[in-house]
Amino acid sequence: MMLFFLNLWSIFHLASQNPTHYWTLKPNVLVLVVTGEVGRHPLSCLHSGISTEDKGRGIFWRKDGVKVESMGNTHFVELRESFGRGNYSCHSEDGALLNHTEVLIQEDDTQRKKILLPEDYLKCSAVNYSGEFHCSWKWHPSRVGKVALIKALRSHIPNDSPDLHCTEVSDGQWTCLSSWSNMSCSVDVGRQSITCLDALHCPYAEETQFIRISVYLSNDFLVENYSKHFYLSEIVTPDKVQISKVNKTTIEWTYPSSWASPYSYFPLTFQIAQFTEKGKVSCDAINENMTKTVNCVDNCRCKLKGSTKAVCVRAKDALSNAKWSEWSPVRLRSVIPLLLWAWSGF
């Protein structure tokens with residue numbers, strides 16, 4: 001008799017006994033969200049349209065390629081803490097593959113409380129208001145994992161939009177679409193960061209909805225979900241200021257080339273710190289009493305003290321409480337031409 005198969009959602013019919021819930025990561029990959037209690041979770045193999053007398057006849061199961069005792073159309077995944085994960089397949093009596101699924105385990109966040117990693121696990125930033133942003137994380141040296149799913153959208157509610165669809169269009173490239181959101185994300189080289197673009201973002205309009213980003217990381221059949229929400233204005237950090245000219249009396253600089261324009265609409269506030277002592281200088285050791293604040297759009301310049309030996313300059317969005325850029329250091333030299341030292345020169 002010809003066998004008909006449904007997609008994963010239908011074929012592996014799941015009636016939750018132990019998991020708090022379950023969800024489909026992608027075709028043939030299921031995630032069971034568990035509390036750690038002992039339980040069982042049924043998987044069904046054949047199409048429900050198969051006649052009762054034929055349903056399950058001669059079917060046997062394998063886990064990770066090894067035959068298990070279970071026979072028939074239904075196999076019960078034994079769950080205890082994180083056990084139960086693995087690759088399950090059902091076969092006909094002659095050994096032909098009927099269907100398969102990969103079962104991953106996700107611990108219930110209400111129980112886990114993110115003990116293994118810091119709560120603020122995702123670090124997100126943007127260099128301007130174009131709609132592009134970057135999120136990164138760090139694996140512990142003893143952990144090996146990969147990005148299993150990325151969800152990104154604009155929303156004023158904490159839960160996913162009912163019509164949100166996130167698809168891996170190619171390896172490491174994700175697209176998330178909903179009725180009012182269009183986001184694309186890609187996994188960067190090194191596999192510990194992603195770059196996303198909000199295609200519908202207007203840099204000239206006020207943000208009324210949060211960006212909500214969730215990264216699902218899989219590690220040996222375990223899935224961890226780390227999420228963050230923010231307005232773009234909260235994570236914008238300009239690139240380093242470009243110092244164009246410096247001498248014993250004046251320093252001049254320009255806006256970062258990556259910053260949004262026109263500068264009159266996207267103004268920056270600058271901080272200048274002057275050092276009058278010789279020797280190694282650390283911009284990280286600057287305190288507020290050492291700085292001078294300057295607001296400018298064009299002709300950005302500041303007069304220096306006659307005894308100044310080195311200067312550090314940084315910038316931030318003048319209209320929000322975003323982060324400061326990294327310092328741009330420069331040491332004044334008594335010879336010509338003046339040398340703009342790199343950070344390592346201090």
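## Close-up views of a predicted model

**View 1. The open sheet from β9 to β12.** Six strands form an open sheet in the order β9-β10-β15-β14-β13-β12, with antiparallel pairing; strands are DSSP runs of E of at least two residues, helices are runs of H or I of at least four residues, and both are numbered from the N terminus. Two strands pair if DSSP finds at least two bridges between them. The edges are held by β9 and β12 (165–170), each with a single partner strand, so one side of each has no neighbour in the sheet. On average, neighbouring strands of this sheet are turned by 20° against each other, direction ignored; the axes are lines fitted to C-alpha atoms, for helices over the stretch in contact, and angles run from 0 to 180 degrees between N-to-C directions. Strand β10 is joined to strand β15 (residues 193–198) by 5 bridges, and the two run antiparallel. Phe133 has Cys196 as its bridge partner in β15.

The model is predicted: local features need pLDDT of at least 70, side-chain atom pairs count only at pLDDT 80 or more, and totals for chains, interfaces and linings use all residues. Residues are numbered from 1 along each chain as its sequence is written, and side-chain values use heavy atoms, with hydrogens and water left out.

**View 2. The whole chain.** The protein chain has 3 helices and 24 strands. Of its 346 residues, 45% are buried; buried means under 20% relative accessible area, exposed over 50%, and partly exposed in between, with a 1.4 Å probe and protein chains only. Contact means heavy atoms within 4.5 Å. Among contacts between residues at least 6 apart in sequence, 60% join residues at least 24 apart. The chain exposes about 18,700 Å², of which carbon and sulfur atoms supply 52%; areas come from the Shrake-Rupley method with a 1.4 Å probe, and for residues only the protein chains shown count as cover.

**View 3. Aromatic pairs.** The structure holds 11 aromatic pairs. Rings of Phe, Tyr and Trp (its six-membered ring) pair if their centres lie within 6.5 Å; planes under 30 degrees apart count as stacked, over 60 as edge-to-face and the rest as tilted. The ring centres of Tyr129 and Trp259 are 5.9 Å apart and the planes stand at 70°, so this pair is edge-to-face. Tyr129 lies in the loop between β9 (123–125) and β10 (132–136), and Trp259 in the loop between β19 (250–254) and β20 (268–275), so the pair ties together parts that are 130 residues apart in sequence. Both Tyr129 and Trp259 are buried. The rings of Phe133 and Phe230 are also edge-to-face, because their centres are 5.5 Å apart and their planes at 80°. This pair links distant parts of the chain, with Phe133 in strand β10 and Phe230 in strand β17 (residues 222–230), 97 residues apart. Phe133 is buried at a relative accessible area of 1%, and Phe230 is buried at 2%. One aromatic cluster is formed by Tyr129, Tyr204, Trp259, Tyr265 and Phe266.

View 4. Strand β4 (residues 60–63) is joined to strand β5 (residues 66–71) by 3 bridges, in antiparallel sense, and Phe60 has Met71 as its bridge partner. The two strands form a hairpin with 2 residues between them, and Asp64 in the turn has a positive phi of about 55°. Strand β4 is also joined to strand β7 (residues 86–91) by 4 antiparallel bridges, where Trp61 is the bridge partner of Cys90. The charged end of Lys67 sits over the ring of Phe60, 4.6 Å from its centre; this requires NZ of Lys or CZ of Arg within 6 Å of the ring centre and within 35 degrees of the ring normal. The charged end of Arg40 sits over the ring of Phe76, 4.0 Å from its centre.

**View 5. Strand β22 beside β19.** Strands β19 and β22 pair in the antiparallel sense over 4 bridges, and Glu252 stands opposite Arg301. Strand β22 (residues 300–303) has Cys300 and Cys302 on a covered face and Arg301 and Lys303 on an uncovered one. In a regular strand the side chains alternate between the two faces of the sheet.

**View 6. The loop residue Trp180.** Trp180 is found in the loop between β13 (173–178) and β14 (181–187). Trp180 is partly exposed, with a relative accessible area of 36%. Not counting residues up to four places away in sequence, Trp180 touches Arg154, Ser155, Ser161, Leu200 and Gln209.
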